[in-house]
Amino acid sequence: MLRPEHHLRSPPATTPASLRSSISFLGSRRLFCLPRAAPPLRGKMSSAVRAPEPELAHREVARKLAYHAEARLGARLLPSAVPAEVAEFRNGAGNAVGSLDVRRGSPGSTIDFMLQSSLHCKVPNGAIDITSLLIFLNASTDAPHFLMELIQGNPTSIVVILDLLPRKDLALHPEYLEKYYENTQLDKQREKIEELPQARPYRSQSLFVRSACSPTAILVSIDCGQGGGSIMDEVVRGQLATAAKELLQIWLDTCADHTSKMEEGEREYMIKRDQIVRSKSIEVDLTSNLPRMFDPDVSSRVIAEIRKAFGVQEV
């Protein structure tokens, strides 16, 4: 969602040195550096001052995935109840704008919530654009969650985080690993992306984040080099879009519709694990970074809505 850290290697030369930290849902806080926002203007912003979110290839891909998920899940998703001031928000300086949409799962479904978010922030050397799609399941199933985050710091490079987040310890539960990761051949999608000449591994600085992801996660930085904007769009709309659609389809077919028989202790452990992952995502990234771009009223409203979706209380 609004969220990864440092690349395995140093950032590409085409990435401005000032972009070293960002907002993301799974520990992306040092990927780009967000300068402190100018003192916010008080009161409501007029639409004339708004920094519009640009039409980017990765946003188009995320939008199509969300439409596909919504069409498949249908009545299992309730209508969005996000307040208008959170569904679209901006800072007083007019250089940052974001959007958030949350649809809760209907009673009796396996869906906990589906969350879509985007963030556009202008910085001295360019702009940061983050697009996220999360579909989390509830305690009626132990199936993995779906996660996609696309983080672009300039027109020619992007970080991709695409995974089915495990909800069990894979070493302790080899049958879980086999069912959701081996039998579904998820690794083939990872291999296709990592084989791209423009791709290189992305590795979070956070050991917690690395432990939360599955071994089949697509964690890459795609850098198309100077003047490679058109190549970037081709990769995003082509190979990346295909891999993301395949991963979502696998999740819809094998995870979204299936309840799981679990002993009470096993279910409690899974719920606790889920809560830790969700709490870390909020506390480590959002609460420390959103206020750097938006005034306190705006950032607190957005964080409160995300807490509500995640089922995480403020400490």
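In this predicted model, cysteine 213 counts as buried because its relative accessibility is 10%, which lies under the 20% limit. Cysteine 224 is likewise buried, with a relative accessible area of 13%. A disulfide is a covalent bond between the sulfur atoms of two cysteines, and a search of the whole structure finds 0 of them.

The whole structure holds 7 aromatic pairs, and one of them joins phenylalanine 113 to phenylalanine 310, with 5.3 Å from centre to centre and 25° between the planes, a stacked arrangement. This pair links distant parts of the chain, since phenylalanine 113 belongs to strand β3 (residues 111-123) and phenylalanine 310 to helix α8 (residues 296-310), 197 residues apart. Phenylalanine 113 is buried at a relative accessible area of 0%, and phenylalanine 310 counts as buried at 1%.

Phenylalanine 310 also pairs with phenylalanine 136: their ring centres are 5.7 Å apart and their planes meet at 20°, so this pair too is stacked. Phenylalanine 136 is buried, at a relative accessible area of 4%, and Phe113, Phe136 and Phe310 form one aromatic cluster.

A further ring, that of phenylalanine 208, has the charged end of lysine 280 sitting over it, 5.5 Å from the ring centre.

Taken as a whole, the protein chain comprises 8 helices and 8 strands, and buried residues account for 54% of its 315 residues.

Conventions
Residues numbered from 1 in each chain as written. Predicted model: local features only at pLDDT ≥ 70, side-chain atom pairs only at ≥ 80, totals over all residues. Heavy atoms only, no water. Helix = DSSP H or I, 4+ residues; strand = E, 2+ residues; numbered from the N terminus. Buried < 20%, exposed > 50% of the residue type's maximum accessible area, 1.4 Å probe, protein only. Disulfide = S-S within 2.5 Å. Phe/Tyr/Trp six-rings, centres within 6.5 Å; stacked < 30°, edge-to-face > 60°. Lys NZ or Arg CZ within 6 Å of the ring centre and 35° of its normal.
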